[in-house]
Structures are given as structure tokens and as C-alpha cells.
Amino acid sequence: MTVETPIRPATRPGLLHRVSGWAMRHAGLAVLLWVLVLAAATAASTVVGNAYKNDNSLPGTDSQRVTDIFEAHQPKGDTASVQLVVRADGGLEADKARVASMLAVVRELPHVSSVADPFASPGAMSTDRRTAYATVSLDVTAADMPVADVRTIIERAQEFARPGFQVEVGGDLARSAAESSGGASEGAGILAALVILVFLFGSLLAATLPLLTAVFAVGSTVGLLVLASHLFTVPEYTTPVMMLVGLGVGIDYALLIFSRYRHELLRDEPDAKVVALDTAGRSVMFAGCTVVIALLGLLALGLGSLQGVALGVTLTVLMTMLAAVTLLPSLLTLFGKRIERSVRKHAAKQRRTPGDGWRKLATVVQRGPWVPLVLGVLALIALSLPALGMRLGFADAGTDDPAKTSRKAYDLLADGFGPGFNGPLVVVTEGGQAAAQPLVRTLTADPGIAAVTPPQVTPDGKVATVLAFPKSAPQDAATSDLVQRLRDDTLPALESQTRATYLVGGSTAAADDFAAAVSKRLPVFVLVVVGLSALLLMAVFRSVLIPLKAAVLNLLSIGASLGVITLVFQQGWFGAQAGPIEAFVPVMIFAIVFGLSMDYEVFLVSRIHEEWRRTKDARAAVREGLATTGSVITAAAAIMIVVFGAFLLSPDRMLKQFGLGLATAVLIDALLIRCVIVPAVLRLFGERAWWLPRGLDRILPKIKLEGD
């Protein structure tokens, strides 16, 4: 352990100086406090448990009105259910005794209140009498049903399967029970990040510090998020998304500060930690603030399902920022001498002068800036084009792994009853039985509908419900077109005749409503995020062109990442299961990627700005800025890519889309944009890159990243 060198007095010590200075002066206590926070948050969350709740409400939409009508007129306390799907190649009549034995066993299992007989239930058997389903009603809600008991139902039912007689279990509970518990993707990402850091720093101890910083920040946030779920509406998928972003950002921020610390050590700077925190530390704080602004911009969408995620990931980013400027400095203080020896030993083994390769790259780009600029922008536009055909929706069992029982049940029902059986449209009228009969006739005559159920009237007789089974699968574009036609043409014409009101709900309709709600609010969201981020960059770099360039390039990198997601997950490239993109993934990726893109923008441009202020030589500033940050940006990007890319190992389709989108955006941003396009643009801008009108200069607050 080492004793910290006193911080150099600043003219006006800011909050960062005071917080980081305290952490370095009381390094042991600072580390102990972080250990206590992690332990307390973990223990408290374990004792209290989570209260995650998915808020899928869409105020003002038809699908939400359908949900509200059911809640108002149906008896409360609806319980959950699963479906037993059986198929007999030789016909079910020959296996009637086997089916009866299976149903009898399932009826005796925990939380099973009743099991329908497919031979006695109308519509439960296909026309060829080879496929049938039995609804297993449970005595608890989906949230209260233990996963182990769902797996028991699956296992006991499948004990009756034999060659020629297939048994599968479908429904949302069956899908959830078949999901793995996770953890493999996070572990693979951390291990890959450790390998990259060891290669970069040449020391296991030095490589461990950024990882420790990220793990403490993310671990503490997980516990705090569980506690916060009792006060706010937090969706159950917030934790994996939060861990994905937290690990990437946490390692990234700690790496940027540690790299500047190493750079100052090799320059024999006596106060290397202070300089690193006064430069890279400020950049990290500013970059973190832009991520927070981008995430909080999701609140402008007014969608409850996204607000909880935005708040959860925002808390994660704030905790990683705090860890980067408190925990990391204290660890550097405790292990300073050992780290300094390993850094100098590793640097002595390197034959090249640090940054030579990046300096040469900047020189090549500056000689002919138009070629890399035009080629780079054209590549980004080409990757973005598939995103124009992106189709939003919600994943169902049809996009599950073909080996899962829920997917097999889905396919059996589609084969036996038609592709639309798995996603019926729910058409509701408040006119009762009188308004329901003409509705059935109208829906039956529609060319896109395969079958219509008799109307079901609520106990109070005020609401009638009809299920319409499309001829197309739930996630087909034809089904969305059918919903639109019913709402815009068919049902309004019927309303004019009957004077009743008809509403279309169901999973496909809800996905369409969500996409429409996002599209309607998206301009405000983009304006808030891009506008505030541009203003912050303008205040920091005292420039008009720098924030304009950053906004345009960030939008291009986001478009490219969404284009790649569309190619892989919607069009089924590289063997992926084709289907719609999760409805909230694009806006979440926009918010996260726009914020993360600012990390590299701030880190690179702040170093260029630092050289510009020192030399007033625009070309030299770009070369030196890239030379000192190129390897760090590349390493940070590589770590983010492996952390995000590791989530492709997750069984969850949504997390796979997040992982691929974020990894692609970081790869494009770090290598193509920051290391090629930005130097080319700044070469063309020249000294004009740092121009700011006097009027704006007086109005904008002065924010310094380079310290005093």
C-alpha cells in the first residue's frame, strides 16, 4: 500500500476534486464503504424480494380500451393457465385412454384447479382429429405460480409421450419455465473483458481494477433496483438490461480514467491520479451525464413500460460514475506502487512509441480526407437502409428456440388449427348480444379471417367478446394489415349501421398500437435527447460544428445498428429465428447508444481540444488526440463489444437484440467514426471546428473538461 500524495491546490476545488480527494486520502475507508453498500444492498434485496411488474398500458389506444373494459366488467382475480397440446399420428381416438390418464395425473399436481377434456370441449380438436389441446386452469395468478410447479406439469405430462404420440406444453408460463436462469452471458463477457485488459496493460492486477469497479457498481445497483421496485413500477426485464449496460459502461469509464493515469505515470507526472481524475475523470462525468439525459429522454415518450427501464438503467449509470471517481481512485491509492511497477515494466517491453500507429493513421486520413469521409458515410447509410423496413412486434412462442416445448406446442397448434390460432384478435362491443350478432357475420365474411367464435357475454350482459382467428400467423405483416383494415374500414361501417362501438385488441393489435404510440412521440424524444446533448457539447467545446457533427454521426451509427438488427432478427440472417423486432428495443437502443457514443466523442475530442488549446495547430491537435486515445478507445470498444455481444448467448430474444444492436453500434462508432470519419471531418473543418459566435459564447455556461 502507498500513501497518497496530497492533491495540488486548485483555485476553486469542485465537487469532483472533493469527492475523489476524500476517496484517495481515506482509501481503505472508501473501499470498506463500497463493500458495505454492496453487502447491505444484496442482503436487503434478498430478504425483501422484488416487486417487479410489467406495465404494458398504452393510454388512449384501442387495445388498452379493450383491457380496461375487461377489468371493469369481468370478475376480478383471473387466474393463470397453460395448454397441453397432443398430437397422434394415427388419430387421437386410438390414444383416448392415454390422453385421459395424462389429464388425470396433471389434475393432481400442485396449483392445478381443473383440466379441460379435449374430447368434450368444443373446438379443442382439429378437423383431422390428430391434434387437440387441453386447458389447464391454475388456482393462482401467473405472478404467483412457482416456476418449479410449472416444470413439474411439463415433466409429468411429457411422461406419456411415445413414438407417434407427441405431448407439448404451451402458454406464457411454459415459455418462462423453459428459460435458463442466465448468468452465462454476463460471465462470458467479464472473462473476455479481463483477457483484453490483461493484453492491454500487461498486468493482472491492473486489468482487475476496472473490472472490480464495474462489478461493485452493478452489484450494488441490482440490490437497490430490487428495493426500488417496491416504490416504482419496474419491469422484470430491467435487471438483465441494466446489467448489460452497467458492465459495459462501468468497465469503460474505469478504463478511460486508468488509461490516463497510466499515461501520466509514463510521463513521470508526480500527481498522476490527480491529473487523470482532473481530465479523464471530468470527461467520464460529462459522458455519463449525456447517457443519463438520453435515458431520461425516454420519459418524453410517456410509455409506462419504458419509464421503469429508463430509471433503472439511469441509476446504474449514476452508480458507475460514482464508482469510477471514488472506488477506482481508492484502489489506485492502495495498490499504487505495485501498479506503477507493472505499468513501467510493461511499457519498457514495448518497442514502439505509444500512439505511433494511430498518429500515422491520422496523417493518412488528413492527406486525403474526402475519400474516407465519403466511403465511411456511404457505408453507414447502406447499413441503415434495412431499418426503413423494420417491423415492430412482441415476441411469442413462434420465435422461441425450436427445441423448446412452448415452441413445439405453438407449431402443433398452427399445423392443426391454422397459423392464426396462436394469436386471435379480440373484438369487443359494449352493445351486448344485439351488437354481437352482426359483428360475427361481418367478421366471418372478411377474407383475412379463418374462423370466428360465438360471442361471449360478460355476467352483467353489457359487453360481448368475439375471437377472430386470422388466416396468417400473429407476427405476419398480413395480420397487422388485417387489424388496420378492421379498424379503419370494416368496423366503422358496421358501427354506422348498429350504432354500437367495436374495438380490436389482442397481442398483434397491442404491438401495432405500441409501434404507433412510439412513432407519434419519437420526434419529441429525438429532439429532447439530441438537443440537450448538443447544447452540452457546445458549452464544453465552445463550438457549433462539433456538436452538429456529433449529432449527425451518432444518428448514423444508431441507424446502422438498427439496420443490422433488422437483417438478423427480422429477415433471419445467420440462422436467427425470423420475426418482428421487439417493440421497445429500437427506442431503448437509441437512448443507450446515443449516450454511449458521447463517451468516445468526449474522450477523443476533449484530448484534441486540449492539444488545440496548447498549440493552436488544428492538424497536429487531431493527430496527437488520436495518438493518445486511439488504443484506449479501441480497447474500451472491444470490451463493450464482448460484454454486449456475450448476450447473444442468452436464450431471451429481446436480450439478443439488445446485445447485437449495442455491440454493432460500439464497433461502428469506435473504429469507423471516431478513428476515421471524425479525423477527416476535423481536418476539413480546420480552425473553424472551434468557432462559436460571440453571442452564444456569452450565453452558454463554461464547462471545463481539461481542469485548471
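Me: Hi! Which residues of α20 meet α22?
Reply: On the α20 side they are V585, M588, I589, I592, V593, S597, Y600, E601, L604 and I608. Their partners in α22 include M654, F658, L662, V666, R674 and L682. Contact here means heavy atoms within 4.5 Å, and helices are DSSP runs (H or I, at least four residues) numbered from the N terminus.

Me: And what is that contact made of, by class?
Reply: The contact of α20 with α22 has 16 nonpolar, 3 polar and 3 charged residues. Ala, Val, Leu, Ile, Met, Phe, Trp, Tyr, Cys and Pro count as nonpolar, Asp, Glu, Lys and Arg as charged, and the others, Gly among them, as polar.

Me: Before I go on, what kind of model is this?
Reply: This is a predicted model, where local features need pLDDT of at least 70 and side-chain atom pairs count only at pLDDT 80 or more, while totals for chains, interfaces and linings use all residues. Residues are numbered from 1 along each chain as its sequence is written, and side-chain values use heavy atoms, with hydrogens and water left out.

Me: New topic: how many residues does α9 have?
Reply: Helix α9 (residues 238-266) has 29 residues. From first C-alpha to last, α9 reaches 41 Å, close to the 42 Å expected (1.5 Å times one less than the number of residues). Of those 29 residues, 26 are buried, so α9 is largely enclosed by the rest of the structure. Just after α9, D268 takes a positive phi of about 60 degrees.

Me: Last one: which helix holds R175, and what does R175 touch?
Reply: R175 is found in helix α6 (residues 172-178). With neighbours within four places in sequence left aside, R175 is in contact with A395, D396, A397, D400, K404 and S406. At 17% relative accessibility, R175 counts as buried.

Definitions and conventions. Helix = DSSP H or I, 4+ residues; strand = E, 2+ residues; numbered from the N terminus. Buried < 20%, exposed > 50% of the residue type's maximum accessible area, 1.4 Å probe, protein only.
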